[in-house]
Amino acid sequence: MAKAKNDMEFSEAKKVITVNDIDPNILKDAQKKHRTKKGLVLTIILSIISLVYVFPVAAVLINSFKTNTYVKTDTFRLPINDAQHENIWAGFNNFTKGMTFGDYPFINSVINSLIITLISAALIVICTSMAAWYIARVNSIFCKIIYYLCVFSMVVTLQMVMYTLSKTADTLKLNTPWTIPIVYLGFGAGLAIFMFVGFVKSIPIEIEEAAAIDGCGPVRTFFQVVFPMLRPTMISVGILEIMWIWNDYLLPYLVLDINKYRTIPIHIQYLKGSYGQVDLGATMALLLLSIIPIIIFYLFCQKYIIKGVAAGAVKG
Amino acid sequence: MTNANLNNNPVPEESNAAAPEESKAAESEESKAAESQSEMTDDNIAEHFVKSTAAPSPVTRKRRLFNTGSTYTLRRPLRKWFWLFLLPVTSAFAIGFVWPFIQGIYLSFCKFKIVSKTTFVGVDNYGRAFSDQSFVRSFWYTALFAVVSLIIINVLAFAVALALTQSIRGSNIFRTVFFMPNLIGGIVLGYLWSMIFDGILSQFGTSIIQNETWGFWGLIIVVSWQQIGYMMIIYIAGLNAIPEDMLEAAKIDGANYFQTLFRVIIPNVMPSITICTFLSLTNGFKLFDQNLALTGGLPITTENGVAIKHTELLALNIYNTFYNNNSSFARGTAQAKAVMFFILVAALGLIQLGITRKKEVQQ
């Protein structure tokens, strides 16, 4: 206390004018003026670009309420009946039709997508974080081999392994939504291991040593000491994996038993691909239904998603 | 065992410093004793290591032993848990990557229809891939596509990131909007945009799958719309990391906006530029879903008896050779194409990283 007082007196005595001494309002006003001049133009330009950005999604929304024939001819017209377009408004017919379209109910695809994405992401986050901790701390030759193989796997294209991978998965009966996460864990481990190892190396080892000295076994040390510290990286990895797996088309298409299990992207592809001339209005309704969950997820986890992307990119 | 660490006495170091020769003699004596007394275990190896710091009594030596850092408190107990920590990922990795990769390389030298029935044909598949006109054509098409999309995506993403890092109203909302298309998957994106393009083009009596030029630029638009937001986030992170005083210094020195941009801002965001160009280049080469959904490679024409899909990128070409070709050589050729494709993407990525990394400023 006494020392702080002394310091205060000392600085008082010196009395040098710094930026802090200037009335803050003056600065704020200056900034505001600057803001309005240049900022206004930028804001207007960016608003226009944003509208262009939102437009495609809005177009899907509009067209999902249109009857089939008008989707192609009057794509950009609002679905409002008038003299020339008598029954352009389809109501929710497209949605009810879309749900039972083709030979596979859409809701099953949604459930499959959910199962695959959630299990795979959870499995990847837990297993790779454990492996990464082991690799970073034990650091034997075997660990190094695994680590460099993982880094290497990040540059390998799916086409390189798609045929053999799908055959291997078939033989091992990994072709159901409940077992495909193992394939994802194997094929997606690269980035996750890479990010986790980078992060574990930045954690001071003393914390874990202290836990070990206090009698924590490795398992307890990991789950009670290391696990909480890994949280930010876990969120980043989880988000990146969820974004990848939810939207992935080719891998599940080749691995899953396609007559029994479909995911949303596979379902959409089947609609357009296999049935030739399909009801465009119903297709739009399904597109909308597959976009909505992602947008909701995005709006809720926006902060984490953007942070995760930035973190993943810096590491990659 | 571990408790020894807690009441560890400081190891007397005088003996070592004062009389190095004496301690050396003691050391050799001790090592003899150690060798004769017990078999070589890990602890003994560590003792050898510890001895160089000359611990006078066995008791202190033992205490010292447990203070050698992570090795003895963490590493050895952890190794026993190998099966829990490393085994799941390692086995999944072997199933999901290592084995298919090795088998894939092997199969690229084989003629096969199914994995269990293969005949070794050497490099024939590679020769066949090179003489496949559709493959060569789609290679150049992909290269053009990747370069054009790389330039457009990065220039626009950087411009948007620059605009958003100025203090303007609602920059968070803009960021949210620009990033949004990233979450929509390639297949859905492709059909979404094909609806829009066809909506426009049907006014002119054509459609995206009938015209190669429209197909090319359509795909560029789709990919840009999707990836600009992603790259923008990376650029924003880079721009925010520029030290404020550097910009101030530039201002005080009288640099105009473009001088500041090219001499201060761009050199400082080189790491971001490296990552973004790397990502957009490899993404451009690897693109599959959007290509499949938007045009599926159409329009298709026949030249010299070979069916050529005009908007087919490499990944789609490989896929079609694998699964939509009845020739008995098709799968082997496709696998050979895939191997070359992988080497191409990996090499391009590494070369590109090398070039831009050189231009990064050391801070």
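Predicted model: local features only at pLDDT ≥ 70, side-chain atom pairs only at ≥ 80, totals over all residues.

## Stop 1: a loop in chain A

Start by selecting Asp257(A): leaving out residues up to four places away in sequence, it touches Asn175(A) and Thr176(A). Touching, or being in contact, means that the C-beta atoms of two residues, placed from the backbone, lie within 7 Å. Asp257(A) sits in the loop between α12 (250-255) and α13 (264-274) of chain A. Helices here are DSSP runs of H or I with at least four residues, strands are runs of E with at least two, and both are numbered from the N terminus.

Is Asp257(A) buried, partly exposed or exposed? It has 13 C-beta neighbours inside 10 Å, so it counts as partly exposed. The cut-offs: buried takes 20 or more other C-beta atoms within 10 Å of a residue's own, exposed takes 12 or fewer, and partly exposed is in between, with C-beta atoms placed from the backbone.

Residues are numbered from 1 along each chain as its sequence is written, and chains are lettered from A and ligands numbered from 1 in the order in which they are written.

## Stop 2: two helices crossing in chain A

Next, pick α5 (residues 106-138) and α11 (residues 231-247) of chain A, whose axes come within 9 Å and cross at roughly 145°. Axes are lines fitted to C-alpha atoms, for helices over the stretch in contact, and angles run from 0 to 180 degrees between N-to-C directions. Zoom in on the contact: the residues of α5(A) there include Ile116(A) and Ile124(A), and those of α11(A) include Val237(A) and Trp246(A). The residues of this contact of α5(A) with α11(A) split into 9 nonpolar, 5 polar and 1 charged. Nonpolar covers Ala, Val, Leu, Ile, Met, Phe, Trp, Tyr, Cys and Pro; charged covers Asp, Glu, Lys and Arg; the others, Gly among them, are polar.

## Stop 3: where the chains meet

Colour by chain. How many residues of chain A are in contact with chain B? There are 78, and they meet 77 residues of chain B. The chain A side has 50 nonpolar, 20 polar and 8 charged residues.

For one part to zoom in on, select α7 (residues 158-171) of chain A and α7 (residues 87-107) of chain B, which pack at about 115° with their axes 8 Å apart. Among the residues making this contact are Leu165(A) of α7(A) and Trp99(B) of α7(B).

## Stop 4: hairpins and a helix in chain B

Chain B has 18 helices and 4 strands. Show β1 (residues 110-114) and β2 (residues 117-120) of chain B, which pair in the antiparallel sense over 4 bridges. Strands pair if DSSP finds at least two bridges between them. β1(B) and β2(B) form a hairpin with 2 residues between them, and Phe112(B) has Thr118(B) as its bridge partner in β2(B).

Then jump to β3 (residues 300-303) and β4 (residues 306-309) of chain B, which run antiparallel and are joined by 4 bridges. In the turn of this hairpin, Asn304(B) has a positive phi of about 50°.

Finish on α8 (residues 124-131) of chain B, where Asn125(B), Arg128(B) and Ala129(B) are buried. The buried residues of α8(B) pack against α9 (133-165) and α18 (330-358) of chain B.
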